[in-house]
Amino acid sequence: MRNRLLVAIAVALSVSSAACSDVLGPGEEGLVRVGFRLAPAAAASASQDRLVIVGTNGTLRITDISFIVNEFKLESEDDACLTLGDVDCEEFEAPPRFVRLPLGNGTAMAVTQAVPAGTYSELEFEIEDLDLDEGDDDATAIAAVAGAVRAAFPNWPGKASMVMVGTFTPTGSTQARPFTVFFDAEIEVEIDLVPPLIVDQANTIVTVVLDPSPWFRRVDGTVMDMSAFDFVQTGIVLEFEAELENGFTKVEFGD
């Protein structure tokens, strides 16, 4: 039997430029930083760096959501492709990053990259495991990410790309059931930037805003008992299939 979690992912973006008098000219580059944070509604339900999801059957308290991200790309309006990490889009895949999503109001920065001044119409990124080809040109970076993953989760399965840690407490009970659930998640996200991202300042921040709450809340008002998939108890790596819902909800300019 295959254990599968089918969800929809809603992604919002916020874009801001650091206060700076340096306006870029043709041929110049600015630093673009890409980060991840909780959506405001999810952050509002977080308490002491715990994301709390309440259902009619019980309560999920999530203390960690971490994932491996790969292949950040920006596509310019004239369809020229720029991979964050290298200028040769056809031959380069950006090395992976290990992202630990702040379960509060913070932002986890995943990429800092010099990008030519210009206008960009699409952002792409992937969440996937570290099972890459032998002899990969980015072996050093991959080894560094693998080291960070193993340091945080020594029993991380090779095919996993995401983990969630927390507890499930059934309604009417005081007994919290702990869990560590690993996911075999292959998620490719392509987001049209409307309005386009204009890199015309020395520093620009692009933030991917995620709300994990709908991933684990059912339409009938219950939440998933994730303790049923605890890796130590079951050895299960939960297959995670995701669809990008309506691209994103909004793009904000400013702080």
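A salt bridge is a side-chain nitrogen of Lys or Arg within 4 Å of a carboxyl oxygen of Asp or Glu. The model is predicted, so local features need pLDDT of at least 70 and side-chain atom pairs count only at pLDDT 80 or more, while totals for chains, interfaces and linings use all residues. Residues are numbered from 1 along each chain as its sequence is written, and side-chain values use heavy atoms, with hydrogens and water left out.

Arg177 and Asp225 form a salt bridge, with the closest N and O atoms 2.9 Å apart. Arg177 is in strand 10 and Asp225 in the loop between helix 3 (213-216) and helix 4 (231-234), 48 residues apart; helices (H or I, at least four residues) and strands (E, at least two) are DSSP runs, numbered from the N terminus. The count of salt bridges is 2. Asp64 also forms one, with Arg100, at 2.3 Å between the closest N and O atoms. Asp64 has a relative accessible area of 12% and is therefore buried, whereas Arg100, at 41%, is partly exposed. Buried means under 20% relative accessible area, exposed over 50%, and partly exposed in between (1.4 Å probe, protein chains only).

The structure also holds 8 aromatic pairs. Rings of Phe, Tyr and Trp (its six-membered ring) pair if their centres lie within 6.5 Å; planes under 30 degrees apart count as stacked, over 60 as edge-to-face and the rest as tilted. Phe36 and Phe67 are edge-to-face because their planes stand at 75°, with ring centres 5.5 Å apart. Phe36 is buried at 0% relative accessibility, and Phe67 is buried at 1%.
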